[in-house]
Amino acid sequence: MYAIKTEGLTKIYKDLTAVDNLNLAIEQGELFALLGVNGAGKTTTIKMLTCLTKPNHGDALINGNSIITDTNKVKNIIGVSPQETAVAPNLSVKENLELMCGIHGFNKEKRLSKIKELSNQFDLSAILNKRAGKLSGGWQRRLSIAMALISEPQILFLDEPTLGLDVLARSDLWDTIRALKGKITITLTTHYMEEAEILSDRIGIMKDGKLLALGTADEIKISAGKEKFEDAFVAIVTEAVKL
Amino acid sequence: MRFLIFSSRTAKEILRDTLNLFFGLGFPLVLIVLLTAIQSNIPVPMFELDHLTPGITVFGLSFMTLFSAVLISKDRESALLQRLYTTPLTSSDFIFAYALPLLPIGIAQCVICYIAAIFIGLEPQITILYAVLFAIPVALFYIFLGLICGSVLTVKQVSGICGALLTNLSAWLSGIWFDVELVGGTFKTIANALPFIHAVELERAVFSGNYAGIFPHIWWVAGYTVIAIIAAVFLFLRQMKKQ
């Protein structure tokens, strides 16, 4: 069974087709990147896959559960780290983690062990009592991903996880994402070509709501006849504009 | 009871904000002390403690709108709400979790105002307890008005509309500082069509033990509270769908 399978997924806002007939299959344990410039439809795709917005046409199955008819089942098996940091600023790091544990109905024992586990995994132990709003962007993003992992999701969605971070914070976060690779299915959106190429097993390139290319970074380079991934991306997107 | 977990977060976010504490609690207390000092030098029946205090408690409750509206609009803008919409929390969990923690805060604010008034000369009486109880529908009106504003306005708009406009409307059109009858005309008509003056008159009637005097004011307050609750639920659900 695929972790994610979309069938003709389409989202239309008034006269704008944000996502146009998206057909995609993502394997279990895969790290899949949706790459595209602003307005390509990446975030709208994530919003549909995480049941935040309903598609106008088509459906998607998340571990076999429909995003239209099985939303509660889907919500129980996914974790989401939105584009913005999405932490409670006046709560401490520990309280933010506790909040997510509580929302997912963990008992005290599980809550404590989960917080310990994630604090170690994300190096949060030293800042557990700091207010989340006082942390740097990189640490807030790290906390945000840890919060998304509280529920032990089978599929993790990261929407532009390194947007706005400096080079060092981005590199740190890449290490964090790499450490998760293989343990869980990850779908991330990004407009950084380097990020998609370095981190992902496969990449889907989107433009104006359409999926223009799909494959590994090498496959995409070969199909575009370019040596560099960035050149391949530009060639694919430019070609689509001409058409 | 997942909403209790999120309620606790709402309370922490509000109580840890020092500006909230200053405006919500400090400002009404300053007004009681200041106006009582004026009254002791230039006697004005309007500013006698048994007339002034019930009005100030109502004015203080107007800050509940600001608290809830700011919190919700911030949660919307920071995408914390977007993250939480992908969890098993239901729409009623959200509405209760935003509204209910503010009720004890509002009641505590009324109690503190009366205690402060007693310290500077208000005669302690059982009707204070009744006045606090009758402040509950008033508090609910302001809290759900905050849910309305938080659901449709940005953080910046909330600061202007709830922070400046509403508190001023609530102050000028409530008959706390001057007798609206003296102004008369359109001003009086507008004031009487809005709930603020009725909330103050209701509290004054209860505090003075004039139970016949609570009518028709209680109907105005109850009516506006019901409308605010219905509108808040509708608009909150609408912004949830928009996510």
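How much area is buried between chain B and chain A, and what share do carbon and sulfur atoms give? In this predicted model, the buried area is about 2300 Å², with 57% of it from carbon and sulfur atoms. On the chain B side, Arg16(B), Arg83(B) and Thr86(B) lose the most area to chain A, together 31% of what that side buries. The contact involves 22 residues of chain B and 29 residues of chain A.

**Across the interface**

Between chain B and chain A there are 9 residue pairs in polar contact, both residues at pLDDT 80 or more. Helix H1 (2-15) and helix H4 (80-85) of chain B each supply at least two residues of the side that touches chain A. H1(B) gives the most, with 6 residues. By class, this side of chain B has 8 nonpolar, 5 polar and 9 charged residues.

The two chains share 2 salt bridges. Arg16(B) pairs with Glu95(A). Lys12(B) also forms a salt bridge with Glu95(A). Lys12(B) lies in helix H1 of chain B and Glu95(A) in helix H3 (residues 93-103) of chain A, so this pair joins two chains. Lys12(B) is partly exposed, at 28% relative accessible area. Glu95(A) is buried, at 15%.

**Salt bridges**

Over all chains the count is 19 salt bridges. Several are listed here.

| Pair | Closest N and O atoms |
|---|---|
| Arg16(B) and Glu95(A) | 2.6 Å |
| Lys12(B) and Glu95(A) | 3.7 Å |
| Lys114(A) and Glu117(A) | 3.3 Å |
| Glu197(A) and Lys221(A) | 3.4 Å |

Lys114(A) and Glu117(A) both sit in helix H4 (residues 108-121) of chain A, 3 residues apart, about one turn of the helix. Lys114(A) is buried, at 4% relative accessibility. Glu117(A) is partly exposed, at 40%. Both belong to a network of salt bridges that also links Lys110(A) and Glu152(A).

Glu197(A) and Lys221(A) form a salt bridge. This pair links distant parts of the chain: Glu197(A) is in helix H7 (residues 193-199) of chain A and Lys221(A) in helix H8 of chain A, 24 residues apart. Glu197(A) is partly exposed, at 31% relative accessibility. Lys221(A) is buried, at 15%.

**Helix H8 of chain A**

Which residues of helix H8 (residues 217-224) of chain A are buried? They are Ala217(A), Ile220(A) and Lys221(A). These residues lie on the same side of H8(A), because they cover an arc of only 100° around the axis. The face turned away from that buried side carries the exposed residues Ile222(A) and Ser223(A). Just after H8(A), Gly225(A) takes a positive phi of about 70°.

Methods. Residues are numbered from 1 along each chain as its sequence is written. Chains are lettered from A and ligands numbered from 1 in the order in which they are written. This is a predicted model: local features need pLDDT of at least 70, side-chain atom pairs count only at pLDDT 80 or more; totals for chains, interfaces and linings use all residues. Side-chain values use heavy atoms; hydrogens and water are left out. Contact means heavy atoms within 4.5 Å. Buried area is the accessible area (1.4 Å probe) that two parts lose on being put together, summed over both. A salt bridge is a side-chain nitrogen of Lys or Arg within 4 Å of a carboxyl oxygen of Asp or Glu. A polar contact is a pair of N or O atoms within 3.5 Å; within protein, one must be able to donate a hydrogen and the other to accept it, and residues adjacent in sequence count only if both atoms are side-chain atoms. Helices (H or I, at least four residues) and strands (E, at least two) are DSSP runs, numbered from the N terminus. Ala, Val, Leu, Ile, Met, Phe, Trp, Tyr, Cys and Pro count as nonpolar, Asp, Glu, Lys and Arg as charged, and the others, Gly among them, as polar. Buried means under 20% relative accessible area, exposed over 50%, partly exposed in between (1.4 Å probe, protein chains only). The arc is that of the directions from the helix axis to the C-beta atoms.
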